[in-house]
There are 2 protein chains.
Amino acid sequence: MTKEINLHLVSDSTGGTLNGVVKACMAQFSDVMPIEHLWNLVREERQIDNLMKTVAEQPGPVLFTLVDDALAHYLQEKCKEAGVPSVAVLQPIMQNLSDYLGIKGKSLPGLQHMLDEEYFARIDAMDYALHHDDGQRTGRSLAEADVILLGVSRTSKTPTCLYLANRGIKAANIPLVPDIPLPQEIFTLKKPLFVGLTESPARLVELRTNRLEHLGETQKTDYLQPEKVKEEVAKARQLYTRMGWPVIDVTRRSVEETAAEILTLLSRKRELEQQKKQDKKQQEETQPLQNLHQ
Amino acid sequence: MTKEINLHLVSDSTGGTLNGVVKACMAQFSDVMPIEHLWNLVREERQIDNLMKTVAEQPGPVLFTLVDDALAHYLQEKCKEAGVPSVAVLQPIMQNLSDYLGIKGKSLPGLQHMLDEEYFARIDAMDYALHHDDGQRTGRSLAEADVILLGVSRTSKTPTCLYLANRGIKAANIPLVPDIPLPQEIFTLKKPLFVGLTESPARLVELRTNRLEHLGETQKTDYLQPEKVKEEVAKARQLYTRMGWPVIDVTRRSVEETAAEILTLLSRKRELEQQKKQDKKQQEETQPLQNLHQ
């Protein structure tokens, strides 16, 4: 039987971090259904007094991310009084980083949502993903992309790009459509990481059928013919192999997992480029010495 | 001076949770620039051996989310040997929930990214946001929306909707354009939470000017006239007041913060509806008794 529990999530900022943490933890408990109570932008004792009324009525653990120590302490005391457990989600990590760096954190709420460079990069990445979805290239060029995804129809290119954008990565996607040639310019691009998406033909047929039904289309075309779809997928794979692009099979894989693989590939690519740059610099620095010895 | 540190982020899943946690923590340390090394989908000791090579070369704290206790223990031992601190990010929360529930977690990685109902709801929400952006209504109806955002041009309606979609919320947005009437159907909708976005006219003029420059447009129109923009904003505010819709001023506020406020409003709305339902049920249950007493 499913057990319901109240979870009170108290954040001095947007609650995004808490949400991720709670989702990851709750997934590990089967048959437990959390009823989440969100308390975002909590920055005053008055707000804590207020939310504690609901906690008293619907008791359950209080998980919080409050960077102000005094406020965190106040909440913890109130939870003790109410007899509910409270967990300072970021505290162990902050403590550890603080020890390692020999610096104390600033205790100012909402700093990660400052309208800083990183923030605008993220919004920019979203705008980029929207304008470079499904092979459209309006305004800005594909050369700016961090990642270019390719795949036949229904390989989840769009949500993967949006998810990457949310992580600040500029991602464009280009559909592989039978008999429509790819834009030639992409083969000259140096910056982007190209990734080919593939999926089992049977699953594709299923997804495409659902899609068309959803749109109210009933006509059977090559788009749904198992033999044609198999051919489409094989051709896409041949292209990826020919170009030496990494391939991700998205069959029964979530968009987040696909995006995670792409982020790992990107991290490795950047480490490699960094290494190359350092090697080149080192080579240049030792070059004059070598010349001297000749 | 900015201090660079290596941060190794080890996840058995997508690393999304870790990313959020690290961003929230690092924001509290000024003048520290983390060089993030991502290690996603780590599920075997072999992978840990591998990544420890990079940790040895570029030492720094290892933050991890590994739900398998044995694997977590292995990583912690390796970090001890290498002389770098390691932090089990989810451990205190898992422990606390486990104690509270009297159940042990499942220790299976990646459970929150299962292709379950919630996952498809999130993908569906993204699809919904894309198809209900900027007043388009193709295919599905506005009645399905959890949230409908309204606002004049450049009040960050689109990224806010995408951010909400990422949290599984179906969000549509409708632009308020001078002299273009709103679709009348929206005034009959019962389900969605309506939110009016507003912004200082001066900031709007700035954003719109940047936007047009970006698009290569130079023509001056009403769109940029301070007096006209002021009028536009005032009219939008009048509409919100008339309809009794909550208003969020997005001036100098990040999209995440706007989304957080909307999520809080939605949480309150749902709690209220829940309460009403219970009250009604209670009333119905006590009704026969009251009749008896009459």
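**Entry 1: how the two copies are related.** I laid chain B on chain A in this predicted model, and found that a turn of 180 degrees with a shift of 0.0 Å along the axis brings the two together with an RMSD of 0.1 Å. I noted that this is the relation of a two-fold axis. For my own background I wrote down that two copies of a chain are related by a rotation about an axis and a shift along it.

**Entry 2: which residues meet.** I next looked up the contacts, and 86 residues of chain B turned out to touch 86 residues of chain A. Of the interface residues of chain B, 100% are interface residues in chain A as well, so I concluded that the copies meet through the same surface.

Entry 3: I looked up the salt bridges between chain B and chain A and recorded a count of four. In the one I looked up by name, the side chain of Arg122(A) meets that of Glu256(B), with 2.1 Å from N to O.

**Entry 4: what the side of chain B is made of.** I found that helix 9 of chain B, residues 255-293, supplies the largest share of the side that touches chain A, namely ten residues. Sorting that side of chain B by class, I listed 41 nonpolar, 25 polar and 20 charged residues.

Key
Residues are numbered from 1 along each chain as its sequence is written. Chains are lettered from A and ligands numbered from 1 in the order in which they are written. This is a predicted model: local features need pLDDT of at least 70, side-chain atom pairs count only at pLDDT 80 or more; totals for chains, interfaces and linings use all residues. Side-chain values use heavy atoms; hydrogens and water are left out. Contact means heavy atoms within 4.5 Å. Helices (H or I, at least four residues) and strands (E, at least two) are DSSP runs, numbered from the N terminus. Ala, Val, Leu, Ile, Met, Phe, Trp, Tyr, Cys and Pro count as nonpolar, Asp, Glu, Lys and Arg as charged, and the others, Gly among them, as polar. Copies are superposed by least squares on the C-alpha atoms of residues with pLDDT of at least 70 in both.
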